[in-house]
Amino acid sequence: MATSALAIATAKPLTHRLSNSKHTSSPSFSCSCSSSTPLPPPNEPKLSFNSKPVAKQCVFNVGVGLLAASLLACSPLEADATRIEYFATVGEPQCELNYAKSGLGYCDVIVGSGVEAPRGELVNIHYTARFADGIVFDSSYKRARPLTMRIGLGKVIKGLDQGILGGEGVPPMLVGGKRRLQIPPNLAYGPEPAGCFSGDCNIPANATLLYDINFVGIYSGNAK
């Protein structure tokens, strides 16, 4: 099961890097520059008026070659990594938040058409987590796979349990749905910082957190 800053008991800094294991050697290019102008006899002075155009043509050919090399060096994984970073730092469309008695803010960007999340079962979600100022501190998209987590048993912060499973006036999410959550400190990590390692903490104390949740589906490995 994937770990995340979502989990209460194992809050650790989340550093994820996509790397390309396929190394592509850069193609080499050579430039052969010549002039069709015949060489003068040894005793005659050499004219240099054609030297500049020839040099310019050579430089142009080298430039084209370097551009082609840079394009060939870009593998599909590197392109995917760029798109993943984009999705991890750009939020869903804005929606007007509703507020439950608990203080949880929620609104549906897309209402799903699948089943509800069963209490106590494992579910797969994609998410992007931000601070109130919009800075991203965690995202499943950067890992290129959804997070599998157990819902409704206190395995994640209270705001996620309520925001996904529903309750206290909050409707349950359906598979295929996308929901934005605004989680106050009392439903997040409270007065203590979280995700700390060697004195550095990812999440400060009393932080309000924003989550964009994409309910991918029910985990297929749940016991029948």
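## Disulfides and a strand hairpin

A search of the whole structure finds two disulfides. The model is predicted. Taking the bonded cysteines in sequence order, the pairing runs 1-2, 3-4.

**The two links**

Cys95 and Cys107 form one of the disulfides, with an S to S distance of 1.7 Å. This pair links distant parts of the chain, its cysteines 12 residues apart. Cys95 lies in the loop between helix H2 (76-89) and strand S1 (98-99). Cys107 belongs to strand S2, residues 105-110. The link is right-handed, with 50° about the S-S bond of Cys95 and Cys107.

How accessible is Cys107? Its relative accessible area is 4%. The cut-off for buried is under 20%, so Cys107 counts as buried.

Cys196 and Cys201 are also joined by a disulfide, and their sulfur atoms sit 1.9 Å apart. The link of Cys196 and Cys201 is right-handed, at 105° about the S-S bond. Cys196 has a relative accessible area of 32%, so Cys196 is partly exposed. Cys201 has 36% and is therefore partly exposed.

The table sets out the geometry of each link.

| Disulfide | S to S distance | Angle about the S-S bond |
|---|---|---|
| Cys95 and Cys107 | 1.7 Å | 50° |
| Cys196 and Cys201 | 1.9 Å | 105° |

Now to the strands. Strand S3 covers residues 122-131, and strand S4 covers residues 136-139. S3 and S4 run antiparallel, and three bridges join them. Across the pair, Arg130 stands opposite Val136 in S4. Four residues lie between the strands of this hairpin. Which residue of the hairpin takes a positive phi? Gly134 does, with a value near 95°.

**Asp138 in strand S4**

Asp138 is found in strand S4. In a regular strand the side chains alternate between the two faces of the sheet. Is Asp138 buried or exposed? Its relative accessible area is 3%, so Asp138 is buried. What does the side chain of Asp138 contact? The side chain of Asp138 makes a polar contact with the side chain of Tyr127, at 2.6 Å.

How values were computed: Residues numbered from 1 in each chain as written. Predicted model: local features only at pLDDT ≥ 70, side-chain atom pairs only at ≥ 80, totals over all residues. Heavy atoms only, no water. Helix = DSSP H or I, 4+ residues; strand = E, 2+ residues; numbered from the N terminus. Buried < 20%, exposed > 50% of the residue type's maximum accessible area, 1.4 Å probe, protein only. Polar contact = N/O pair within 3.5 Å; in protein donor to acceptor, adjacent residues only side chain to side chain. Pairing = 2+ DSSP bridges. Disulfide = S-S within 2.5 Å.
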